[in-house]
Amino acid sequence: MNLQNASATRCCSVRHQLKAAIAKGKWLRQIIVALLTSVLTVAAAQARIVRIEITSVQSPTFEGKAFGKVGAYEKLRGKAYGEVDPSLPQNALITDLALAPRNARGMVEYSMDIYLLKPLNLRQGNHKLFLEVNNRGSKLFGGLNNSSGGNDPSTAAQAGEGFLMNQGYTLAWNGWDTSAAAGNNNLTISVPVAHHPDGSPITGPAYEYISFENTTTQTFNLAYPAATLDPARATLTVRQRLNDAPTPVPASGWEYASERTIRLLPAGTAFQQSAIYELAYTAKNPVVAGLGFAATRDFVAFLRYAKGDDFGNPNPLASDVRYTFSYALSQPARYLNDFQTLGFNTDEQGRRVLDGMENWLGGGSGIGLNFRFAQPSRTERNRQNHLYPEALFPFAYPVLTDPLTGQTAGRSARCAAAGTCPKVFEINSANEYWVKAASLLHTDLQGNDLPDPANVRFFLISGAQHGTGDANNRGVCQQGQNPTNAEPALRALFVALDRWVTQGSAPPKSQVPRRSEGTAALAVAQPGSLTGSVPAADLGWPSIPGVTYTGLISTRYALDFGPGLSQGLITKYPPTVTGRPVYPSFVSKVDADGNEVAGIRLPIVAAPLATTTGWALRRASFGENEGCEAAGQYLPFPLTPADRAATHDPRRSVQERYRTHAGYVAAVTKATKELVQQRFLLAEDAQKYIQAAEASSVLR
């Protein structure tokens, strides 16, 4: 039994013994009070989640729907209240924790929303915790779970097929993101504001990247209040294109509508559509955002190890959790990258927090959370947010020395020293390689391939954009978006991750572009520019009629945020890229169709009807030919040889590839069988692909 639980157990035992003693003799009272105080102080000092409050229970939930042998589930919602000891080394690295207000025990307090979906009868579950690290307060597990998901799933229809529930997982969520908005059943966290020791407000540099894809927006809300409302003491600039020189907006051309809002003048003026504005100003009252790391650590450790809280409230999962897993999509995948780097997968008693992590769409990035005036909602892409402290060394898991900065570090360094490293699947779309330098996850700082760490595997979902797009919707992009759906592969990989953790079964081999295998196309940097390019010849890109190719790719710089960066303090904001060195990165080469050759080639790529890309370009009026951020493209093949000839398309037509509808179904069947054999598809998902091909109108 761990010390915290042992202390709690002793508290209860001592209470009963001392009550009996009190009844027998008043002379024992002083000794009894001293002993009780000592025991309770030990328990409180080592408490992490000190109180858990379940505010609502729906039992059963999902309208009583039963999930196989597991049976019905119940839903618990509430709040958790935690304390952090600023004197402990694993907490002291939280930026501004030493400047946060403390309670009578010298602890810094926080509180957060919590949410559980658990088997009604835990004995019938699989005794495994599935933690979804929420995305900006929202639950995005629905696709993985074969359900509609939602922020408060309650009906049988919302439960869908219940991939996770059928296996008996307990599902958990907690607030961690200080920028997550309240409402819509979002998960939020409350952390303190840091102040100087004398109680005066902390001020410092803050930065806002501002761009709207419309002609009507008139105001912008700041992440932090301005320390002064004098526009002359801030700088607002505007430019039409990312690599244009910024033009200052005069102080007479804008104002603070409030300490948290700016607007252009005269009042009623809208921000220019797709123009890029940047505001550098002095902010005040930073929150201790890095407590969001401790919150997840403490919540999972409580569910896994504790019997109850300091107030006698039971842990709803007491003595049930044997293994812990996390799933994260996009922003929280970047959060978990830093969660590992900063050592938060080790709790204060030195125990592992998460056994297995499936990170989807994190790229080669962390998250700007553990900084003064943090903005964890920000993320870099081709055209946005390049100058925030999101993508900082280390990128890879092994300990490396960065030749550009001289630093030595690795994502696994702290957990390796503590013996608490999880098993990790880093899974990314092609978009993450084009816009977030995902290749840095598995290369050194010269761009050379690294061997896989013993506890990590890497996977590219070939040709996919950042999430599933709609081929009939181009948005602000030039082409229809990419409908590649990675969720079937994510399910198969999650099963493989579970077996790796719980049974020691070897995981599938990594599937990513490698320079050593000749499947990588290197990016070419353009010094002083925020973007680079991948030459068409190096990529192998075919010239497709009506499709513009520029090779646009994000450039990862070693930015200088000032000498206080290692303490989470930014003094150069925004930093400049001028004269800064560039980290090498690459993407997967493509075949004659323009489809990626590396990675997990799902049927949409292995038996294609189109070219799918992880990159896209903006259309006219929205920054034409600049990066279209998270979007990819779906570029259909010509249907017949005549169609191909008429447009001079270099790609073979659908008819030339498959001849008949049956030929297309056979190609999909072959592709799915290979993926099942490689453990990148489950048999039930493979059958769905085949059924969809049979029901399609292809060559009918």
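Helices α6 (residues 291-305) and α7 (residues 331-341) of this predicted model pack with their axes 11 Å apart and at an angle of about 85°, and are therefore roughly perpendicular to each other (65 to 115 degrees). Axes are lines fitted to C-alpha atoms over the stretch in contact, with angles from 0 to 180 degrees between N-to-C directions, and helices are DSSP runs (H or I, at least four residues) numbered from the N terminus. Contact, meaning heavy atoms within 4.5 Å, joins G292, F293, T296 and R297 in α6 to Y335, D338 and F339 in α7.

Helices α15 (residues 661-677) and α16 (residues 683-695) have axes that come within 9 Å and cross at roughly 170°, and are therefore roughly antiparallel (over 145 degrees). In α15, H661, Y664, V665, V668, T669, T672 and V676 meet A683, A686, Y689, I690, A693 and E694 of α16.

Six cavities of 30 Å³ or more are counted, a cavity being a set of points on a 1 Å grid over the protein atoms alone where a 1.4 Å probe fits but cannot get out; points are joined across faces, edges and corners, and volume is the space filled by probe spheres set on them.

Residues are numbered from 1 along each chain as its sequence is written. Local features need pLDDT of at least 70 and side-chain atom pairs pLDDT 80 or more, whereas totals for chains, interfaces and linings use all residues, and side-chain values use heavy atoms, without hydrogens and water.

Note on methods:
Helices (H or I, at least four residues) and strands (E, at least two) are DSSP runs, numbered from the N terminus. Angles under 35 degrees count as roughly parallel, over 145 as roughly antiparallel, 65 to 115 as roughly perpendicular and the rest as oblique. On a 1 Å grid over the protein atoms alone, a cavity is a set of points where a 1.4 Å probe fits but cannot get out, and a pocket is an open set with protein on both sides within 12 Å along at least five of seven lines; lining residues have an atom within 4 Å of a point.
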